[in-house]
Amino acid sequence: MKFGRIDLTKTTYSVTLNAHLLNPVPIDEVIRVYKQYCLYKNFKSIMPMIPGRFLIPNTEVFGYYEQEKLIAWSMYRIWDKENIVIDHHAWDYNNPKLRIGLRSLQNECAMYRNRGYQFMYFESIEPYMLNIQGFEILGNL
């Protein structure tokens, strides 16, 4: 198992998407998008998206809309004034040309960097992450 992070100070991404801080989180809509995401990805095993997961203190959920319909969301845990961890991201893939997965991550890097955060952590590594500005795989202690 490998862990990674983005050093946000090494990124030059700009805020290019209109991310809505979901407060309150529209649980039914978020779960709808999550189910579509899991079906599209053909996951063999999925973690259930328990509604209480969105209510944990220091959690921020950003939503992305197309024609007033939620199409994607990202959930973050704020650890302290410099560090965050991405908990989950999902999008419905109804319009794959949007590339909302990568574009939302770049957008969120810019948003959190602009707010003064330094590191965005990941609890799993995906191949596409290796091309993200400031990304690094964490080593041993």
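This report describes the sheet, helices, nonpolar core and charged pairs of a predicted model.

Residues are numbered from 1 along each chain as its sequence is written. Local features need pLDDT of at least 70 and side-chain atom pairs count only at pLDDT 80 or more, while totals for chains, interfaces and linings use all residues; side-chain values use heavy atoms, with hydrogens and water left out.

## Sheet

Helices (H or I, at least four residues) and strands (E, at least two) are DSSP runs, numbered from the N terminus. Two strands are taken to pair if DSSP finds at least two bridges between them. On this basis, seven strands form an open sheet with mixed pairing, in the order β2-β3-β4-β5-β6-β1-β7. The edges are held by β2 (20–21) and β7 (135–137), each of which has a single partner strand, so one side of each is left without a neighbour in the sheet.

Strand β6 (residues 119–122) runs parallel to strand β5 (residues 83–91), and three bridges join the two. Across this pairing, asparagine 83 stands opposite phenylalanine 119, and valine 85 stands opposite tyrosine 121. With β1, strand β6 pairs in the antiparallel sense over four bridges; here isoleucine 6 is the residue opposite methionine 120.

In a regular strand the side chains alternate between the two faces of the sheet. In β6, Phe119 and Tyr121 point one way and Met120 and Phe122 the other way, and all are buried. Buried means under 20% relative accessible area, exposed means over 50%, and partly exposed lies in between (1.4 Å probe, protein chains only).

## Helices on the sheet

Contact means heavy atoms within 4.5 Å. Axes are lines fitted to C-alpha atoms, for helices over the stretch in contact, and angles run from 0 to 180 degrees between N-to-C directions. Helix α1 (residues 27–41) lies across β4 (69–78) and β5, and runs at about 100 degrees to β4. Helix α2 (residues 100–114) also packs on the sheet, where it touches β1 (4–7), β3 (59–66), β4, β5 and β6; its direction makes about 130 degrees with that of β3.

## Nonpolar core

A nonpolar core is a set of buried Ala, Val, Leu, Ile, Met, Phe, Trp, Tyr and Cys residues joined through side-chain atoms within 4.5 Å. The largest such core has 42 residues, of which Ile6, Trp73, Tyr112 and Met120 touch the most other members. Two or more residues each are given to this core by α1, β3, β4, β5, α2 and β6. Strand β4 supplies the largest share, seven residues.

Beyond residues up to four places away in sequence, methionine 120 touches Gly4, Arg5, Ile6, Leu8, Tyr76, Ile84, Leu105, Glu108, Cys109 and Tyr112. Cysteine 109, one of these contacts, counts as buried at 0% relative accessibility. Cysteine 38 is likewise buried, at 9%. The structure holds zero disulfides, a disulfide being a pair of cysteine sulfur atoms within 2.5 Å.

## Charged residues

Side chains of opposite charge can pair when their charged atoms come close. A salt bridge is a side-chain nitrogen of Lys or Arg within 4 Å of a carboxyl oxygen of Asp or Glu, and the structure holds five of them.

| Salt bridge | Closest N and O atoms |
|---|---|
| Arginine 32 – glutamate 29 | 2.9 Å |
| Arginine 53 – aspartate 87 | 2.7 Å |
| Glutamate 60 – arginine 115 | 3.0 Å |

Arginine 32 and glutamate 29 are three residues apart in helix α1, which means that about one helical turn separates them. Arginine 32 is partly exposed at 21%, as is glutamate 29 at 33%.

The salt bridge between arginine 53 and aspartate 87 links distant parts of the chain, 34 residues apart: arginine 53 is in the loop between α1 and β3, and aspartate 87 is in strand β5. Aspartate 87 is partly exposed at 23% relative accessibility. A network of salt bridges links Arg53, Arg77 and Asp87.

Glutamate 60 is buried at 14% relative accessibility, whereas arginine 115 is partly exposed at 43%.

Lysine 10 is found in the loop between β1 and β2 and is exposed, with a relative accessible area of 55%. Leaving aside residues up to four places away in sequence, lysine 10 touches Gln133 and Gly134.
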